[in-house]
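Here are a few exercises to work through with the model open beside you. Try each task before you read its solution.

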Amino acid sequence: MKIKRLHIKNIRSYEDMEIGFDDGVTVVSGINGSGKSSLLEACFIGLFGSRGIPKNFVLSDMIRKGCEDASIVIEFEHLGHNYKITQQFRNNPKTGKASTSLSSMEMEGKLIADQVNLTYDNIRALLRMDEEAYRNCVYVRQGEIDVLINAKPKERQRMIDDLLQIGKLEEYRERAKGARTGLRRHITEAKARIQDHKEEIEKIEKLSPVKQLNLLKEKIGRFDLELNNMREKRERAKSAIDQIQKQIESYAELEQQKNELMDEIQILQKQKIAALKAESEYRAQILELEKSCQELSVEIGSLQKELGIERISDIEILLEKANEEERKAYNAIESLKADEKATLMRQQTAKQQIETMEQRQREISVKLSRLQDQIDEQEKSLSNTKKQISKLQEEIAGIYSQLEEIGFDRKKTENLDEINDLIINRRQQFHGKSVELETKITRLTEQIAKNRTLIEKGFCPTCGQDMHGSPINETTAAEEKELEKLKKQLMEVQAEEKKILNKVELVNLAKRHRDKIEELQHQIQLAENQLATSKTTIGDYRSQIEEEKHEREIIQEQLEKSGRDLDDLEKQLDLLSIEKEKAKLQHKVFENKLKQMNKLSRHNLDYREMKAEIKHLHERENEQQEKAGLLEKQILSLKKRADELKVKLGENDPAKLQQNLHKLEMAYTGLSGEIETIRKQKDEALIEMGQVETAIKRQKELKNKLRIFFNKKRYLDDVYKEAEDLEEMYLRLRADLRARNIEALSRLLNEIFAFMYTNNAYSLIQLDSDYELTVYEKDGTPLEPKLLSGGERAIFNLVLRCAIYRLLSRGLDGGVYNNEMPPLILDEPTVFLDRGHVHQLIKLIDLMRDTGAGQIIIVSHNETLIDSADNVFSVEKDPTTNISTISSF
């Protein structure tokens, strides 16, 4: 597998970043916290989705703060095919919860998965490892380098077995064992069912069910004959009962009709009495109304005379005329009131306007005084600002004089940064040369001392043999001359470096003066801005004063006019009051006349209504007389019909009919009881027959089931034997594969170990059948990997992971690299390593590259590791935006 391109958006500190990967060793460098490891996490999550999120993190932690959408697109090549996986995420910044909105996988541009689980299943099948195996083999996270060594034995066995593709065999063996346990339970159950069925069949056969069934059928036939006879007798009794009941019902109907007629006669007699009483009441009411009419007629004549009305029929016309006169007088009063109210409102409005204008004049006077005070204050501030600007300009001129004294004119001051960079570069050059000379002097001094010691002892410094004929004296003398030359060069370099340090101090002083000038110029700019603002403010205040004075003059003119209008309104109110009193007197006269005419009109109306009521009562009196006569005729007719019903009722004897009915009902009840008794006996026989038939049917079913269970048990026995054989086969196969894996893994471990630790204190690594590892020193002393130093333990863990990686990529037989494995990814592998161990790590990386690892991706800021890489990327984070960017070099 080869990762070709990674595109991430809003993941951790990356806003929008795309990177391409080439073959060989790729190192991603940068300072701590710049986002290097986030790049590897993005690759991992791009392949395995949210399952690739580190422990103690949730999906929302991977999304850049404040963003709602994020995505990872990873493109890779595997076995000659191009793949592309897209993971898109949706975040809710308010709730802090995030979810996967899209997870898809494409092969050669064709969509093959568009759901989270489908994409996960496809990548797991393609790589032949899940996210845990990926971490344990190809992706060494920071801080997880020794996971395999520190794991418990059982957990380490499971992890390595899963990596070497034999973990499934243990899973299959457990499944076979579970199946065997289930089969044993089913076999036991089948045996129990066979025994139960045999016992139940024997129990049924002892009862002779066929013989019992024939006897019960004969018994049920006899019951049917008896029931038919009894039912015929009961039907004849039922017919006689129905006939007598009809006769009794006919007598009851006639009796009821007679009683209903008598009740109706009584009702009609009561209605007749009520009609005669109503006739008497109407007569009394007529007499009382005639008396009231006479009294009302006298009062109407008196009112006609008082009002001067000759004919009472003219009352409506005269009443309408009086209403019109009263309404006109009332409207005149209301009109005067409305005029008075409107005038009062205008008067009130005028007073309010005068008060408002007087208040506004007072406000203008206060505002004019305040504006003048503000102008005075601004003019004072203006004078102070001018003085401040002059003082700051003098201070800047003084600083420029100081700069010129130390050799910096205005032009050099503007280019101080470039001068500073040049001096620093020069200083670094001399410092590097100084360190290099010191190192050479130290090494040469040590070599000369060693030579002198050996010359004194008479032995060759190279081979340890006798120095007779050796050029050691000449070599030592040449080295001493070289040493003197180097010391002289060092003194010259140090002198130059001291001069440069003095220049650095002058430049730093000049930079401080320049910063001070810039600060003073900024203050001058602020003061000039304040000066311009003050002038503008003074102009605005003076314009406001002119506007307020003009407004005060206009208000004064309006006040004088409003005073004149107020005097006119008071005169109008006096005139309206006089006219309103006159209108009230006139309205009172018309109102009294209207009341008298209304009274006359009401009396006239009451008189006509009484006359109409008297006529109506006479009509009602006549109606009641006619009703009483009609009711008398109806009563006579009903009495005649009642006499005819009494004659019909005398023809039947109800007591004799009831006696005959009772006898027949007793006979019917007795027959029903006998029928019910025989029916129950028959039902009991039928139930018993059903039970016998059920037993016969059950006997047949049991024999069929017994045959089925015999066959099932034989089948289960065969399957149980196969499961037992299968479990044993998986166990043997797993043991055989583990032994072959251990042999191959041990071979690779020691091969890499020998390459890494040439001429070192360790001789070999032993890997036992449970993946327990032991390191042996040269003298044969065994050591546990956990007891090694931090650097040794880190290298040892990397050797183990690389051996597993090579075993997976080449197979048990050590064949050619198959190009199926993902890139080997190391996150900060030099954390626990000193310089010597870093060189060993580089040897290991070179070995993996040379033995077939097509891509090795490393995150590190170690310079030695960076120098040995084929491809290098640098990650930087903007401190203001916290956004990381990546560049290649």
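**Exercise 1.** Which helices each supply at least two residues of the lining of the largest pocket?

Before starting, note that this is a predicted model, where local features need pLDDT of at least 70, side-chain atom pairs count only at pLDDT 80 or more, and totals for chains, interfaces and linings use all residues. Residues are numbered from 1 along each chain as its sequence is written, and side-chain values use heavy atoms, with hydrogens and water left out.

Solution. Step 1: go through the helices (DSSP runs of H or I, at least four residues, numbered from the N terminus). Helix 3 (116-127), helix 4 (131-137), helix 6 (153-163), helix 7 (167-205) and helix 13 (654-756) are the ones to pick.
Step 2: find the top supplier. Helix 6 gives the largest share, 6 residues.

**Exercise 2.** Sort the lining of the largest pocket by class.

Solution. Step 1: set the classes: Ala, Val, Leu, Ile, Met, Phe, Trp, Tyr, Cys and Pro are nonpolar, Asp, Glu, Lys and Arg charged, and the others, Gly among them, polar.
Step 2: tally. You get 14 charged, 5 nonpolar and 4 polar residues.

**Exercise 3.** Work out how helix 14 and helix 15 lie relative to each other.

Solution. Step 1: take the angle between N-to-C directions (0 to 180 degrees, axes fitted to C-alpha atoms over the stretch in contact, meaning heavy atoms within 4.5 Å). Helix 14 (residues 790-810) and helix 15 (residues 835-850) pack at about 5°, axes 10 Å apart.
Step 2: angles under 35 degrees count as roughly parallel, so helix 14 and helix 15 are roughly parallel.
Step 3: check the contact residues, which divide into 9 nonpolar, 3 polar and 2 charged.

Note on methods
Parallel < 35°, antiparallel > 145°, perpendicular 65-115°, else oblique.
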